[in-house]
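Please look over the following model before reading on.

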Amino acid sequence: MGCAEGKEKTPQSKQIEKQLKTDSTSAAGTLKLLLLGAGESGKSTFAKQLRILHLGGFSDVEKAHFKEVIFENVNYSLRSLLDAAQARDVKLSPENQEVADAFLQSTTTHLDEEAGIKIKKITSDPAFEKALGLYTTFHLLDSAEYFLNNIERIVAPNYVPTVDDLLRCRAKTTGIQELNLMQGKNKFVVIDVGGQRSERKKWVHCFEDVTAIIFFVALSEYDLCLYEDDTTNRMHESLKLFDEICNSKWFEKVPIILFLNKKDLFETKIKEKNITVAFPDYTGPQQYEEASKYIEEQFRSLNESTEDKAVYSYFTCATDTENIKHIFGSVKSILLEKAFDVVGF
């Protein structure tokens, strides 16, 4: 009696097999990547990098839009610093205080060369440097010092944002943003959602058919509080959020790629402030290598299903294009391997 495998395949069985293979290839060919994390952790900066690396960057119209966003960032940063200085009795010189008062009373966010001269006067005041040193006690954009230091270039009449400017400017993500990338025969659907608490109720709409999650953590924000809640430590919020996502029934077997982001800012800050402000049990040295590994382990240890769920971690700098290019290459390899495992290749 012959085995079933030894029988000649009928045209019908050949057609079924062909269709199954086509369906499997299609399933492996589209990969849905969900970007999650608390606000200001680097999700949208990463999405911008993917546009620069794989979609030809930004059009002139988009750059004109970002120019206005950068003007808003400059205004917000300067106002935050001046308000903080005033609240903490950090006094500018009488002449510069007069310029600062006029700036605070202005209702426009547009910047020109005249505004640039005034901003330069304010930021050159010795008291302004002291206000910058108080940044952990109030909300300040990571890019504040960068844009203020480049104010002469930004207010020039022919100013067009550079790639660095585009990556560093900050606009709150609202709703759901989608990027579609073709990488060879594979389509990557990258979903970026707002990280602030008010935006998280929208996340559930993106939870179906997820290939993997990239979860962003701002390493450098271990001593800061949330923008929307000045009593909650940002690192603690990220840990809580990671716990919820990692162990959610929605993602029981979905791999998570942990991006421990802003490593450059963390490397600078750790020299001045110990992570014990967020992790009182930490007893290691106040050095980048040991402290970053400790934080990494705090997140990885939250995975309750180590047999079913893989967590891959990377230390990243989302504003560094070469760093993201290299790491996204590694991420693609992981995702493709996982996708073909699921469809049986």
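Axes here are lines fitted to C-alpha atoms, for helices over the stretch in contact, and angles run from 0 to 180 degrees between N-to-C directions. Helices (H or I, at least four residues) and strands (E, at least two) are DSSP runs, numbered from the N terminus. This is a predicted model, in which local features need pLDDT of at least 70 and side-chain atom pairs count only at pLDDT 80 or more, while totals for chains, interfaces and linings use all residues. Residues are numbered from 1 along each chain as its sequence is written, and side-chain values use heavy atoms, with hydrogens and water left out.

**Helix 3 with helix 4**
- The axes of helix 3 and helix 4 come within 11 Å and cross at roughly 125°, which makes helix 3 oblique to helix 4 (angles under 35 degrees count as roughly parallel, over 145 as roughly antiparallel, 65 to 115 as roughly perpendicular and the rest as oblique).
- Asn-75, Leu-78, Arg-79, Leu-82 and Asp-83 of helix 3 are in contact (heavy atoms within 4.5 Å) with Ala-100, Phe-103 and Leu-104 of helix 4.
- By class, this contact of helix 3 with helix 4 holds five nonpolar, one polar and two charged residues, where Ala, Val, Leu, Ile, Met, Phe, Trp, Tyr, Cys and Pro count as nonpolar, Asp, Glu, Lys and Arg as charged, and the others, Gly among them, as polar.

- Helix 4 (residues 94-105) packs against helix 5 (residues 113-123) at an angle of about 130°, with the axes 9 Å apart, and that makes helix 4 oblique to helix 5.
- On the helix 4 side Glu-95, Asn-96, Val-99, Ala-100 and Phe-103 take part, and they meet Lys-118, Ile-119, Lys-121 and Ile-122 of helix 5; the residues of this contact divide into five nonpolar, one polar and three charged.
- Helix 3 (residues 60-87) and helix 5 have axes that come within 12 Å and cross at roughly 35°.
- Val-74, Leu-78 and Leu-82 of helix 3 make that contact with Ile-119, Ile-122 and Thr-123 of helix 5, and its residues are five nonpolar, one polar and no charged.

**The cavity**
- A search of the whole structure finds one cavity of 30 Å³ or more, a cavity being a set of points on a 1 Å grid over the protein atoms alone where a 1.4 Å probe fits but cannot get out.
- The largest cavity has a volume of about 110 Å³, a volume being the space filled by probe spheres set on the points, which are joined across faces, edges and corners.
- Its lining (residues with an atom within 4 Å of a point) consists of 14 residues, of which Ala-38, Gly-39, Glu-221, Leu-226 and Arg-234 lie nearest the centre.
- Strand 4 (212-218) and helix 10 (234-246) are the elements that give two or more residues to this lining, and helix 10 provides the largest share, three residues.
- The lining residues of the largest cavity divide into six nonpolar, four polar and four charged.

Methods:
1 Å grid on protein atoms, 1.4 Å probe; cavity = no way out; pocket = protein on both sides within 12 Å on 5 of 7 lines; lining within 4 Å.
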